[in-house]
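Let's take a friendly tour of a protein and look at how some of its charged side chains pair up. Have a look at the model below before reading on.

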Amino acid sequence: MKISRKSKILVTGGAGFIGSHLVRLFVNKYPEYKIYNLDKLTYAGNLENLKDIEDKPNYEFVRGDIVDGDFILRLFQKEQFDGVIHLAAESHVDSSITNPMEFIMTNIVGTVNLLNAAKYIWQDNYQGKKFYHVSTDEVYGSLGDTGLFTEKTAYDPHSPYSASKASSDHLVRAYHDTFGLPIIISNCSNNYGPNQFPEKLIPLFINNIQNNKPLPVYGKGENVRDWLYVIDHAKAIDLIYHKGTIGEIFNIGGNNEWKNIDLIKVLCKVTDKMLGRDLGTSEKLITYVKDRAGHDLRYAIDSSKLQNELGWEPSLQFEEGIEKTVKWYLDNQEWLENVTSGDYQAYYEKQYGN
Ligand code: NAD
Ligand code: TYD
């Protein structure tokens, strides 16, 4: 009798914010899979995020760079993955404005290296194979006061980050249309929750509130984002990976739009309460600064396809999610200190110093 081996799934960027929640979910939920976490461990990748599962028998960490095509091909030849869930990316819009080339290399060239390796080892025999590309709603550009992004909205990216993600999405689609590669893509709205690197709005502001540092609001703070708790994103990826039809695109969103300034006031209130400070203390830290170049006004997602076809819905209300998030950062000082030392200080000075 043939002994069937465990299905092997490669997750790229698994030491990052969303990737670490996804890896934990898959390792715990699917003992029948072997999960490989491939990560370069840039400033945004942190193995501390996965301490609780690193000794599990169905988990393996591989350090490597997706931009290195030869390395990627050798890895695929050695491990013969059955599935790929691709999250590795440069992900911060502000950094893409100061250093676009990193984004072109990792987000575009890195994605093509993975597509080429998958195509090569699967040798056009795609039965049971899947290449899942994790993308962002930012590829659709900016909305006015009304309307929602659907899966049919034309791409109109404005930042080097969103343009590089749009490019990678097009390439993934092209490998499906040209070579029949079995792909799925999802485009998700802004995530929040534990383990997010404090360059992004929510963890940066919680950290600054704690340290009584200014809260730098870009422009008038009127830009709108649709926020989703990171574990709900991970659960959506799980559902789409297993139940989504090959070749399809799914939008994922929280149906939870907030103007930046309103969200920041909620953050101040929740954090003040948890720190036992007088209400209103942290709002005084709000400082309006020069707007981000090319700043998209509003993102909002229509995720009815995912809800109607696969029955997904976000599990957490925003109030509960934001309280859990603030509590996590306040309880995890060591994590914050580790990731905000060294290079972070230099980044912060450059981005926000005068
Ligand atoms: P992140 O920046 O927290 O993590 C990215 C991870 O990729 C890090 O662990 C980093 O070390 C790794 N990485 C970077 N370059 C690499 C390379 N060349 N080779 C191998 N590994 C490399 O990002 P995130 O917020 O977790 O986002 C993950 C994915 O989800 C990205 O593709 C992003 O575009 C997408 N996304 C993010 C959001 C969001 O709100 N954060 C929303 C929608 C989609
Ligand atoms: P961010 O977390 O960088 O996510 P994205 O740009 O991918 O949506 O920013 C969220 C919003 O917060 C965005 O409109 C920019 C704004 N913002 C600030 O006002 N100040 C800041 O210091 C940062 C990092 C973001």
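By about how much of a helix are Lys-327 and Asp-331 separated in helix α10? This is a predicted model, and in it the two residues sit four places apart in helix α10 (residues 318-331), so about one helical turn separates them. An α-helix has 3.6 residues a turn, so residues three or four places apart point the same way. Lys-327 and Asp-331 form a salt bridge, with their closest N and O atoms 2.6 Å apart. Lys-327 is partly exposed, at a relative accessible area of 44%.

| Salt bridge | N to O distance |
|---|---|
| Lys-327 and Asp-331 | 2.6 Å |
| Lys-34 and Glu-60 | 2.9 Å |
| Lys-8 and Glu-79 | 3.2 Å |

The salt bridge of Lys-8 with Glu-79 links distant parts of the chain: Lys-8 lies in strand β1 (residues 7-12) and Glu-79 in helix α2 (residues 69-79), 71 residues apart. Both Lys-8 and Glu-79 are buried. Together with Lys-78, they are linked in a network of salt bridges.

Lys-34 and Glu-60 also meet in a salt bridge. Lys-34 is buried, with a relative accessible area of 16%, whereas Glu-60 is partly exposed at 30%.

Finally, visit helix α7 (residues 230-243), whose 14 residues reach 20 Å from the first C-alpha to the last. Its buried residues include Val-230, His-233, Ile-237 and Tyr-241.

Note on methods: Residues are numbered from 1 along each chain as its sequence is written. Chains are lettered from A and ligands numbered from 1 in the order in which they are written. This is a predicted model: local features need pLDDT of at least 70, side-chain atom pairs count only at pLDDT 80 or more; totals for chains, interfaces and linings use all residues. Side-chain values use heavy atoms; hydrogens and water are left out. The expected span of a helix is 1.5 Å times one less than its number of residues. Buried means under 20% relative accessible area, exposed over 50%, partly exposed in between (1.4 Å probe, protein chains only). A salt bridge is a side-chain nitrogen of Lys or Arg within 4 Å of a carboxyl oxygen of Asp or Glu.
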